[in-house]
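I am opening a notebook on a structure that is new to me, and I will write down what I looked up, entry by entry.

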Amino acid sequence: MQRALELARTRVGRTSPNPTVGAVIVKDGRIVGEGVHWRAGEPHAEVNALREAGEEARGATMYVTLEPCSHHGRTPPCVDAIIAAGIREVHIATIDPNPQVAGRGKAILEAAGIRVVLGEHEEEARRLNEAFMHWITTRRPFVIAKFAMSLDGKIATRTGASRWISGEEARAWVHTLRDQVDAILVGANTVLADDPRLTTRLPKPDVHHPVRVILDSRGRVPLTARVFSPHLPGETWVMTTEAMPQEHRRALEAQGVRVHVLPAREERVDVGALLAFLGEQEITSLLVEGGPTVLGAFFDEGRVNKVHAVIAPLIIGGEEAPTAVAGRGVEHPAQAPRLQEVTVERLGEDVLVTGYLPTGEGAG
């Protein structure tokens, strides 16, 4: 199962809106077949492993990181292929929460006389597909809030200077994170201040560029912003309201930018409507990189599922220097959601704190 998980991790960010899955077939103490799910619409991990095993699959044991599918989607049911191949035993790390599967795959295998073992490395398997599992049950993307700040919580100086608060290792890690998500989101203020490209820059050939989502309720970002360049890899979407002038919208679309008008809330794009729309577009994971107004809106409405906070050993100070999260905030510390399953690691001189919002927060 560890090998199956290792295989699955090689395809994180590549299979959306499907889960990332690895499968290993073992016979007489040796691996006779391995497989991963490469991308949506292509054969699943189990089928690829069966093809590699060939006749060796008969009487063998399969280890798979997610319950085999039992329905006709973009590909035929994997349970049918497993049964036809003569697999004797199947070890499943975790049940697929997809309502079309959700235990049916396991039941079909058992009904065919195949022994099923459930739960090996279950937590690892669930974390591996945390975005898929959230999206398939809520139809909303799994929201990851990411920000870099000084030790005193500042993301820029009082003059607005922010390059660079975090070090080289932390900035390289951000691109690894972008490589694994479906979409990355910032607000108009961030584009106006930093003019980012929001692309993935990694020294490898198979680089994934998430959809760039820009919140611009009134059309303040100029057409000359780098994020609107038609030469960038991947897509750029602008989420706006009826307040954006029609001529600005048409000009953006002429540059290849997709513009979507969504309901407004307090003169800004409504976060709930935004997540519902992105979920409909099969965006399973959304990396929110800022700025403080955008992050504040997501936290205020309880829409954040996971937090990555990079803390640099700097003291910036200044009453007017912006903090990482704005919005309304809470009135009392007891009301503040406390991160769970917190991990702390070093990124060069910086510290990365990662955690999940409690049950009920960020439910989509």
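At roughly what angle do the axes of H3 and helix H4 (residues 104-111) cross, and within what distance do they come? Before answering I note that this is a predicted model, in which local features need pLDDT of at least 70 and side-chain atom pairs count only at pLDDT 80 or more, while totals for chains, interfaces and linings use all residues. Residues are numbered from 1 along each chain as its sequence is written, and side-chain values use heavy atoms, with hydrogens and water left out.

**Entry on helices H3 and H4**

I found that the axes of H3 and H4 come within 10 Å and cross at roughly 20 degrees, where axes are lines fitted to C-alpha atoms, for helices over the stretch in contact, and angles run from 0 to 180 degrees between N-to-C directions. H3 is therefore roughly parallel to H4, a term for angles under 35 degrees. The helices (H or I, at least four residues) and strands (E, at least two) that I name are DSSP runs, numbered from the N terminus. Val 79, Ile 82 and Ile 83 of H3 make the contact with Gly 105, Ile 108 and Leu 109 of H4, contact meaning heavy atoms within 4.5 Å. These residues divide into five nonpolar, one polar and no charged; Ala, Val, Leu, Ile, Met, Phe, Trp, Tyr, Cys and Pro count as nonpolar, Asp, Glu, Lys and Arg as charged, and the others, Gly among them, as polar.

**Entry on helices H2 and H3**

I then looked up helix H2 (residues 45-53), which packs with helix H3 (residues 78-85) at an angle of about 25 degrees, the axes being 9 Å apart. H2 and H3 are therefore roughly parallel to each other. On the H2 side the contact is made by Glu 46, Val 47 and Leu 50, and on the H3 side by Cys 78, Ala 81, Ile 82 and Ala 85. I read the classes of this contact as six nonpolar, no polar and one charged.

**Entry on the cavity and a pocket**

My search of the whole structure gave one cavity of 30 Å³ or more. On a 1 Å grid over the protein atoms alone, a cavity is a set of points where a 1.4 Å probe fits but cannot get out, and a pocket is an open set with protein on both sides within 12 Å along at least five of seven lines; lining residues have an atom within 4 Å of a point. Grid points are joined across faces, edges and corners, and a volume is the space filled by probe spheres set on the points. The largest cavity has a volume of about 50 Å³, and its lining includes Thr 240, Met 244 and Arg 249.

For the second largest pocket I noted about 870 Å³ of space and a lining of 36 residues, of which Val 12, Arg 127, Glu 130, Gln 180 and Lys 306 lie nearest the centre. That lining divides into 13 nonpolar, 13 polar and ten charged residues.

**Entry on the backbone**

A cis peptide bond joins Ser 16 and Pro 17, with omega about 5 degrees, and Pro 17 lies in the loop between helix H1 (2-9) and strand E1 (22-27). I found a cis peptide bond between Arg 163 and Trp 164 as well, with omega about -10 degrees.

Conventions:
Parallel < 35°, antiparallel > 145°, perpendicular 65-115°, else oblique.
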